Amino acid sequence: MLVSIAPQGLVRPSWLRAPAPVGGNYRDLKNLITRLGLHTVCESAACPNVGECWNHRTATFMILGNVCTRRCGFCAVQKGGPLPVDYDEPRRVAEAVELMGLKYAVVTSVNRDDRKDGGAELFAMTINAIRDRIPGCKVEVLVPDFQGSHAAMKMVMDARPDVLNHNTETVPRLYRQVRLGARYERSLEMLRYAKELAPETPVKSGLMLGLGENKDEVVGVLRDLRAHNVDIITLGQYLRPSPKHLPIVRYISPDEFADYRRIGAEIGFAHVEAGPLVRSSYHADESHSAATC
C-alpha cells in the first residue's frame, strides 16, 4: 500500500509501489513504540517505506513530540502548538533501540521554533542516552535548521553523532511554497558549520523531487551542497499525503533518478541514494558505510 494522493489526471506509475505495513516484526515494533510512548517519523510523516523498514526492525525515532511549529506544504506531521518537552524521552528512545537490537539508530524531530535552542538539547541527550545504553551503536540525527543558531548546532555536534543530516528538501525557487519559515541559504550555512565543527563526521542532506523543479535547478542544489562540504545526498519522489498538501507536479522516472546518481557521483558526493521511494533515512546505515569506507 502506498500512501499518496495524486492530482486529477496524473496517473501513478506502475513502478511506484511499496510493501503494505503488515507482518510480525511490524506489529511487534508498533506495540513497542506505543508501549514506550514514542513517536516515529515513519508513521507521523506517512512514509511509504514503513512496511519494509519496520519488518527489517529499523525505524526513525521522532523526538520533541509529534506537533510541528511550522506549516510546510509537503509534510504530513501534525501542525500546531508544541507539546511540553519530555526529558525522559531520550531514555525511552535508548530503551527501544536496545530492545530492537539496533546497531544503527536514526533520530529526528519536529521543528521547535518555540525553543531558543530549537530542541538541540534533546538531540544531544538522546545521542548520549543511546551511546550509554548500547555502546557501539551508531547514531544518525536528522535535525531542523535551529533557526540558524550556531550554538544549537554545536550542542548537537559536541555529542558526536555518526552522521549529521539536515534536508534542504527542494530548490530555492520553491521554498516559499514548500518550506514555510525556512531559508535555503540558512540550511546551507548550517550544513557547512556542522562540517566545520566535526570534519571527520559525514554530513548529509536530501531533496524531494516532483514539486515543479527542473533538472538544472536540482543540479544547482547538488553543486551548492557539495560546495558546502556535504558528503551524502538522498533524492526521492514527493508523495502527497492528503488533498490538503501540495500537489505532485510530476513523477520522476527511475532512469532520471539513475541520472542524478551519476551526476552526484561526478560532483563528488561520497554516496548518492536516489530512487522513487528513497527518504532521508532509507538505507541510512549503508550510506554511512559508503561515506566512511
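**Entry 1: the sheet**

In what order do the 8 strands of the open sheet stand? I looked this up and found β1-β2-β5-β6-β7-β8-β9-β10, with mixed pairing. I note that β1 (39-40) and β10 (271-274) stand at the edges, each with a single partner strand, so one side of each has no neighbour in the sheet. Two strands pair if DSSP finds at least two bridges between them. Helices (H or I, at least four residues) and strands (E, at least two) are DSSP runs, numbered from the N terminus.

Before going on, I wrote down what I am looking at. This is a predicted model, where local features need pLDDT of at least 70, side-chain atom pairs count only at pLDDT 80 or more, and totals for chains, interfaces and linings use all residues. Residues are numbered from 1 along each chain as its sequence is written, and side-chain values use heavy atoms, with hydrogens and water left out.

**Entry 2: the whole chain**

I counted 11 helices and 10 strands in the chain. Of its 293 residues, 56% are buried. Buried means under 20% relative accessible area, exposed over 50%, and partly exposed in between (1.4 Å probe, protein chains only). I also looked at contacts, meaning heavy atoms within 4.5 Å. Among the contacts with a separation of 6 or more, 74% are between residues 24 or more positions apart.

**Entry 3: strand β5**

Is β5 enclosed or open to the outside? I found that 6 of the 6 residues of β5 (residues 104-109) are buried, so this strand is largely enclosed by the rest of the structure. Both of its faces are covered: Y104, V106 and T108 are buried on one side, and A105, V107 and S109 on the other.

I then checked its partners. Strand β2 (residues 60-63) runs parallel to β5, and 4 bridges join them. Here I63 stands opposite S109. Strand β6 (residues 138-142) also runs parallel to β5, joined by 5 bridges. In that pair, A105 has V139 of β6 as its bridge partner.

I stayed with S109 for a moment. S109 sits in β5 and counts as buried at 12% relative accessibility. Leaving out residues up to four places away in sequence, S109 touches M62, I63, L64, F123, L142 and P144.

Which residue other than glycine has a phi near 70°? I found L64, where this value is positive. L64 lies in the loop between β2 and β3 (67-68), and it is buried, with a relative accessible area of 2%.

F146 is not a glycine either, yet it has a positive phi of about 55°. I located F146 in the loop between β6 and α6. F146 counts as buried, at 4% relative accessibility.

**Entry 4: β7, β8 and a helix on the sheet**

I moved along to β7 (residues 163-165) and β8 (residues 203-209), which pair in the parallel sense over 2 bridges. N165 stands opposite K204 in β8. Helix α8 (residues 184-197) packs on the sheet and touches β7 and β8; its direction makes about 160° with that of β8. For such angles, axes are lines fitted to C-alpha atoms, for helices over the stretch in contact, and angles run from 0 to 180 degrees between N-to-C directions.

**Entry 5: α5 against α6**

How far apart are the axes of α5 (residues 120-133) and α6 (residues 150-158)? I read 8 Å, with a packing angle of about 5°. The two helices are therefore roughly parallel to each other (angles under 35 degrees count as roughly parallel, over 145 as roughly antiparallel, 65 to 115 as roughly perpendicular and the rest as oblique). On α5 the contact is made by A120, E121, F123, A124 and I127, and on α6 by A152, M155 and V156.

**Entry 6: the core**

A nonpolar core is a set of buried Ala, Val, Leu, Ile, Met, Phe, Trp, Tyr and Cys residues joined through side-chain atoms within 4.5 Å. The largest one here has 78 residues, and F61, V97, I130, V141, V156, L222 and L235 touch the most other members. Its largest share, 7 residues, comes from α5.

Last, I followed L235 to F257. They are 22 residues apart in sequence and 7.6 Å apart in space, C-alpha to C-alpha. F257 is in helix α10 (residues 254-267) and is buried, with a relative accessible area of 0%. Beyond four places in sequence, the contacts of F257 include L209, L235 and A274.
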